[in-house]
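Have your viewer ready and follow along.

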Amino acid sequence: MCGIIGYAGYRDVVSVILNGLTKLEYRGYDSAGIAIRDDNQIKIYKTLGKLINLKNELEANRADIKNPTSGIGHIRWATHGSPSIVNAHPHTCTCGSLVVVHNGIIENYKQLREVLINKGCKFKSQTDTEVIAHLVADEYGQTKDLEKAVRNSVKKLQGAYAVCVMHKKAPDLIVGARKHAPMLIGVGDGENFIASDTPAIIEYTKKTIYLEDNEIAVVTKDKVKITDVDGNEVNKKVEILPWEPVALSKLGYKHFMLKEIHEQPDVIRNVLNGKLYDIEQPIILGEVKLNNDILKKLNKIQIIACGTSLHAALVGKYLIEDFSGISVEVEASSEYIYRKSTTDSSTLVIGVSQSGETADTITAIKQAKEKNAHVLIITNRPDSNMARLADSLIPLNAGIEVSVAATKSYTAQLISFYLLAIYLAEIKNSLEQSYLQNIKHELVQLPAKIESVLADTSVIQACARKFSSFKNFIYIARGINLATALEGALKLKEISYINATGYAAGELKHGPIAMLDETMPVLSIMIPGGITYEKVLSNCEEAKARNAKLIALTSSTDEKLDNIFDVVLRIPHVPEILSPAITCVPLQLLAYYIAEFLGKDVDQPRNLAKSVTVE
Ligand code: BG6
């Protein structure tokens, strides 16, 4: 997934584009580039690595930049062609008059490339994107009209694209097109913007036009025209973005990840706010359009998600089945897309996504909608493409999450699932009121209990220092905390690159136990009073018998544990059913401090992006 921004207007073009790319850096950060129209030329600057390198490159060439009037910029997450200057965007046609930036994947690029090479085009990069530059240039040669050239070209493209094109002979004109990758217009006064996402433009304008699939935008400083792929003008609604630009600050923390971990108590209060007023009153989910009639018809729930959101979905399954008795399937979006699913009009499909832009989940949700399922979306971006597909919506309100490794959005997803499970149980009257009131009571206590975990992280830091040199790690748990073990392992993988795996504790003896020796730490999550505490403890004894290093994450105050485990990470007690919302916090911190001690780039880990808008 990459980030794109284009601008035509009176402001300092270079600053507007660099500023926009900074706000889009969560979408990828392995290389970046800009093309500006200056002095009747198109000037291109590209660099490898973080955006700061492009800023320095432009600073160093400031003297050559006179008075640019328009430009396009790109920040990359490589799909085709490794990160390098030649593969960085913008890409040009053979003569260099036309420049292109692209987010997405062109699936038929090899075939197109061959045709264009036979036409004499000279390719420089290994990217799929470069074919677009040569294709549009070839069409432009015939039409002498950039809009027409882009229109004719996109009809030949298969795959996903959000693309912006400029041509030397079409002054201050940017033509954009989208299919299966997000793109929007920022409408200004004497200026206009085109970008992958709202953070890139909100500082300048709140007037936004969201492009739909197969739409083409012709942007100049004075005008924006939107057409379909056949050139018919499309009347588009200008929407006003309902929030203020937020200055993304670490608030004194060393990394956004640590700040976002420490924001979780308030994030939980935020999620509960407006939904859980009083433990004796039913849960209110204003944007959930599930009434008794729909529920009665429901015979199945399918939850679809990727990455960390998939782990939240596993907790959601456990809660909804436990509270309402409705059977729930959980599936990775990338698997759901390519199998014959049993989704139909009596299915509730829940899509979970922090960004609301993950391509796999969007494609899966579109398929579910084609099968007339009721679609509920749980997302942190109510303005996202996924939210626009929703019949029902649960916004997370967790605030912008900058760090690529999801933390506060995960906790917000968990709390949203607690609220949804209670909501369904209340509609179905499937549980004792007293039980539900107790759960609500415990939910309201959670932020304070998490604050006490965050107040003293010294034991977690010592544990991180003790285990940061290990190359492998195993996390085990049973029941509702299996998802926590998987999430804890994912956090460690994402930011420290240590080979960490989560297993159902009962599965250890059926294979993974073969890997155990003094080089393999085993972290187990065990909540006393839960139905599985003793079982997990005996799984730990089995691991200890193989000399594995043992870490316990528990609310048990039993001192005997200190004789069994190398380290015991203690948390305040909550009923096991609620424990995933607090056990995830020490595991986020453990991963953070291990990565920090290893000197890793915690907020922008290698090879990752905040959400992936390509399949
Ligand atoms: C990955 C992110 O790209 O996408 C993960 O690095 C995230 O942190 C996953 O969990 C799914 O993203 P989303 O936005 O759909 O929840």
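How many bridges join strand 9 to strand 10? Four bridges link strand 9 (residues 184–187) with strand 10 (residues 192–195), and the two run antiparallel. Strands here are DSSP E runs of at least two residues and helices are H or I runs of at least four, both numbered from the N terminus; two strands pair if DSSP finds at least two bridges between them. Within this pair, Ile-185 has Ile-194 in strand 10 as its bridge partner.

Before going further, a word on the ground rules: this is a predicted model, where local features need pLDDT of at least 70, side-chain atom pairs count only at pLDDT 80 or more, and totals for chains, interfaces and linings use all residues. Residues are numbered from 1 along each chain as its sequence is written, and side-chain values use heavy atoms, with hydrogens and water left out.

Now turn to another open sheet, in which five strands follow the order 16-15-17-18-19 with parallel pairing. Its edges are strand 16 (328–332) and strand 19 (392–395), each with a single partner strand, so one side of each is left without a neighbour in the sheet. On average, neighbouring strands of this sheet are turned by 20 degrees against each other, direction ignored. Strand 18 (residues 374–379) pairs with strand 19 over four bridges in the parallel sense, and Ile-377 stands opposite Leu-393 in strand 19. Helix 12 (residues 408–428) lies across strand 15 (300–305), strand 17 (347–353), strand 18 and strand 19, at about 160 degrees to strand 17.

Finally, look at helix 9 (residues 307–324) and helix 15 (residues 482–496), whose axes come within 9 Å and cross at roughly 165 degrees. The two are therefore roughly antiparallel. Gly-307, Thr-308, His-311, Leu-314 and Val-315 in helix 9 meet Ala-483, Leu-486, Glu-487, Leu-490 and Lys-491 in helix 15.

Note on methods:
Axes are lines fitted to C-alpha atoms, for helices over the stretch in contact, and angles run from 0 to 180 degrees between N-to-C directions. Angles under 35 degrees count as roughly parallel, over 145 as roughly antiparallel, 65 to 115 as roughly perpendicular and the rest as oblique. Contact means heavy atoms within 4.5 Å.
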